[in-house]
Amino acid sequence: MTNRKNILIIGAGLAGSSIAHRLIQQNQNVKIIDKGENFATSVAAGMVNPMVFRRMNKSWRLDEFIFEAKAFYSELEETLKTKLLHEITIRRLFSSEQERKSWLEKQSFSEFENYLTPISAEDEKYECAKNNFGSGRVKNAFWIDSSKFYDSNLAYFKEKGILLKETFSTDDFNPEEGIYKGEKYDQIVFCCGYLNKEIPFFSSLPVQQTKGQLLTLKSNQIPDNESLNRKCFVLPLGNGTFKVGATYEWNNTNLEVTTEGRNLLLQNLSVLGDFKLEVLDQNSGIRPTTPDRRPIMGQHPEFSKLHVFNGLGTKGYMTAPTLSREFVTFLIDGKALNLEVSNERFN
Ligand SMILES: Cc1cc2nc3c(=O)[nH]c(=O)nc-3n(C[C@H](O)[C@H](O)[C@H](O)COP(=O)(O)OP(=O)(O)OC[C@H]3O[C@@H](n4cnc5c(N)ncnc54)[C@H](O)[C@@H]3O)c2cc1C
């Protein structure tokens with residue numbers, strides 16, 4: 001194959017592993033470094049919700065992202081030989097009459113027909129949760145088993161002999177030549193999530209650190225056939241267990257779980273019902289977010305071999321499959337990135 005490049009990826013979270021799979025598909029020569037400590041990709045609830053309920057609108061570039069994401073994860077299941085993707089219906093319990101009206105209006109628009117199920121009489125009087133304003137069901141949602149995603153990717157890269165399980169350090173790195181520990185690379189892509197600040201070449205980019213906490217709980221009173229949503233989301237995991245999330249704690253890199261976090265999540269859950277439950281676990285992680293809620297990808301302005309793919313934010317599992325494909329087209333074929341996602345918007 002012509003144009004076969006040596007590419008080094010730093011970080012095997014959602015960003016780095018999505019790019020790695022895209023490059024491997026193109027028969028590129030890939031190495032991936034990960035220090036084996038992950039606090040976003042493997043912690044996430046992995047929910048892919050087509051809607052933004054706050055504005056009762058479709059998520060950014062939804063029609064492009066969602067079906068490609070499903071196809072990507074289904075193919076990955078074959079490659080990694082593990083189940084990752086779980087289809088789910090999301091039931092939104094409306095928070096006001098205004099919200100219900102907004103859904104009713106949108107459900108008749110053709111652009112929403114893939115996502116909003118027209119409200120039925122059963123949805124209006126749904127009784128398994130507190131229901132003051134009726135409810136509606138979202139179609140084409142799914143969730144990815146996030147810890148399996150991270151673990152099985154690492155195992156796959158290890159088996160292929162392309163994983164370096166170590167901490168990347170600039171001590172043995174020449175950014176101009178693209179030489180790391182004596183090996184020369186054509187391109188190096190930094191996918192370090194919230195730790196982007198520690199990478200000197202890209203530390204000026206506004207990748208923010210947004211902590212999130214989640215609860216895992218057991219209950220035989222919470223409906224387990226749908227994901228309930230209002231103030232929080234409740235994701236049924238099977239066998240009467242659920243994930244409830246998530247908190248948003250801006251500029252916070254403390255990975256400790258807190259009593260405040262737990263109480264806030266339980267309080268949010270009580271808006272859906274006074275369910276008897278037992279908390280089994282509490283986790284925390286840090287999302288790499290950006291001020292304009294768009295990812296950041298592109299080339300270093302001075303060192304042309306260095307690249308960044310970061311800022312996947314709160315909807316990374318929906319956006320990473322398409323964005324990694326677009327990024328790889330940029331990397332390999334030189335096709336320009338849209339300014340909306342390019343790091344050049346901060347120059
Ligand atoms: C609590 C919580 C809930 C979430 N829920 C959802 C959800 O429901 N749906 C959704 O779509 N998204 C969700 N997200 C967001 C999603 O997890 C992120 O968008 C995504 O995982 C970010 O992936 P990443 O690869 O950029 O970062 P990370 O997952 O943080 O990966 C970065 C990797 O880089 C490695 N690394 C960093 N520095 C170095 C170094 N110097 N040397 C070697 N390795 C290094 C780390 O070990 C790590 O594995 C959630 C996030 C959190 C925290």
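**Rings and a ligand**

Visitor: What sits over the ring of phenylalanine 112?

Guide: In this predicted model, the charged end of lysine 58 sits over that ring, 5.8 Å from the centre of the ring of phenylalanine 112.

Visitor: And is phenylalanine 112 buried or exposed?

Guide: Phenylalanine 112 has a relative accessible area of 2%, and because buried means under 20%, this residue counts as buried.

Visitor: How many aromatic pairs are there in the structure?

Guide: The structure holds 22 aromatic pairs. One of them joins phenylalanine 109 to phenylalanine 112, with 6.5 Å from centre to centre and 50° between the planes, and this pair is tilted. Phenylalanine 109 has 35% relative accessibility, so it counts as partly exposed.

Visitor: Which residues do ring pairs link into a cluster?

Guide: The cluster linked by ring pairs consists of Phe168, Phe173, Tyr180, Phe190, Phe201, Phe202 and Phe303.

Visitor: Switching to the ligand, which residues come nearest?

Guide: There are 35 residues around the ligand, and of these Asp34, Glu37, Thr41, Phe168 and Gly313 come nearest.

Visitor: Where does the backbone come into it?

Guide: A polar backbone atom of glutamate 37 is 2.8 Å from an oxygen atom of the ligand, and for a backbone N or O atom of methionine 47 the distance to a ligand oxygen is 2.9 Å. The protein covers 97% of the 1,000 Å² of accessible area that the ligand has on its own.

Visitor: Which strand gives the most to the shell around the ligand?

Guide: Strand 17 does, with 4 residues. As for the kinds of residue, the shell divides into 17 nonpolar, 12 polar and 6 charged.

How values were computed:
Residues numbered from 1 in each chain as written. Predicted model: local features only at pLDDT ≥ 70, side-chain atom pairs only at ≥ 80, totals over all residues. Heavy atoms only, no water. Phe/Tyr/Trp six-rings, centres within 6.5 Å; stacked < 30°, edge-to-face > 60°. Buried < 20%, exposed > 50% of the residue type's maximum accessible area, 1.4 Å probe, protein only. Lys NZ or Arg CZ within 6 Å of the ring centre and 35° of its normal. Near = heavy atom within 4 Å. Polar contact = N/O pair within 3.5 Å; in protein donor to acceptor, adjacent residues only side chain to side chain. Areas by Shrake-Rupley, 256 points an atom, 1.4 Å probe, with all protein chains shown as cover. Helix = DSSP H or I, 4+ residues; strand = E, 2+ residues; numbered from the N terminus. Nonpolar A, V, L, I, M, F, W, Y, C, P; charged D, E, K, R; others polar.
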